[in-house]
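Try each task before reading its solution.

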2 protein chains.
Amino acid sequence: MKQIEQLTDSVFYIMAALTTPRHGYAVMNLIEETTKGTVSIGPASMYTIIKKLLQQEFIYLYDDSDSRRKTYLLTEKGREVLTEDIERRKVMIQLAENGLKEEQS
Amino acid sequence: MKQIEQLTDSVFYIMAALTTPRHGYAVMNLIEETTKGTVSIGPASMYTIIKKLLQQEFIYLYDDSDSRRKTYLLTEKGREVLTEDIERRKVMIQLAENGLKEEQS
DNA sequence: GATTAATATATCACTTTATGATATATTCTT
DNA sequence: AAGAATATATCATAAAGTGATATATTAATC
């Protein structure tokens with residue numbers, strides 16, 4: 001799959017969490033909670049993805065005054081990309097639901 | 001990301017297309033069309049994923065009487081997995097939209 | 001105030017997933 | 001029968017994701 005900014009599920013979850021300033025560990029916990037444990041992103045994935053999102057400027061270092069926590073937040077660009085990806089995902093769901101409901105004789 | 005049957009975007013698109021009997025090439029074209037070219041899955045991804053979906057029994061070989069086309073269709077199990085993944089995806093979108101709309105002061 | 005548990009970030013080595021390029025065969029068109 | 005379109009397939013590589021582990025800081029408990 002290619003073209004345009006296509007977010008993977010993991011990246012999408014993390015960006016959705018970073019609509020509010022949060023540090024990595026909190027994001028991990030939040031995802032675990034909000035999905036009732038069905039989705040869990042471990043530290044390796046978490047910090048790998050954060051690093052990449054910083055490079056892409058989809059998030060920025062919001063606060064690192066605390067010696068151990070680094071909080072991040074979506075940039076405006078990040079918000080736009082996330083918004084676009086929501087639309088793409090709505091279309092995907094629509095396609096799948098239409099397919100499923102057409103009873104095959 | 002782990003646990004339960006989590007479909008990747010590419011797999012989701014392909015399974016959504018196979019709610020109707022179709023052959024690989026047709027699936028590729030359908031995805032390209034329905035997403036207006038924003039998403040395209042090439043042959044390497046297509047046939048790699050089809051092979052895996054067969055192994056997992058999410059799809060089955062529906063018809064291969066035509067010497068060049070092999071049509072596939074979701075199994076009941078495949079329909080269930082797709083249905084569950086739709087729900088997961090709806091929740092993801094909800095999370096992201098809630099996050100975005102809470103205006104941060 | 002030392003020890004343990006919890007919080008938090010980070011990386012390494014490996015696996016899984018995705019894909020560009022390419023090959024091959026069949027059918028359709030002219 | 002030559003060329004274009006259709007269709008499937010694989011190889012070698014790249015990209016993405018992750019289990020295990022390491023390390024440091026702070027909080028809790030004794």
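The exercises cover chain symmetry, a helix pair and a sheet.

This is a predicted model: local features need pLDDT of at least 70, side-chain atom pairs count only at pLDDT 80 or more, and totals for chains, interfaces and linings use all residues. Residues are numbered from 1 along each chain as its sequence is written, and chains are lettered from A in the order in which they are written.

**Exercise 1.** Find the rotation that superposes chain A on chain B.

Solution. Superpose by least squares on C-alpha atoms of residues with pLDDT of at least 70 in both copies. The rotation is 180°, with 0.0 Å of shift along its axis and an RMSD of 0.0 Å. That is therefore the relation of a two-fold axis. Both copies use the same surface: 100% of the contact residues of chain A (C-beta atoms, placed from the backbone, within 7 Å) recur in chain B.

**Exercise 2.** Describe how α2(A) and α3(A) pack.

Solution. Helices are DSSP runs (H or I, at least four residues), numbered from the N terminus; strands are runs of E, at least two. Take α2 (residues 24-34) and α3 (residues 43-56) of chain A. Their angle is about 120° and their axes lie 10 Å apart. Contact comes from A:Gly24, A:Val27 and A:Met28 of α2(A), and from A:Met46, A:Tyr47 and A:Ile50 of α3(A).

**Exercise 3.** Give the strand order of the open sheet in chain B.

Solution. Strands pair if DSSP finds at least two bridges between them. The order is β1-β3-β2, with antiparallel pairing. The edge strands, β1 (22-23) and β2 (59-63) of chain B, each pair on one side only. Two bridges join β1(B) to β3 (residues 71-74) of chain B. B:His23 stands opposite B:Thr71 in β3(B).

Definitions and conventions:
Contact = placed C-beta atoms within 7 Å. Axes fitted to C-alpha atoms, helices over the stretch in contact; angles between N-to-C directions.
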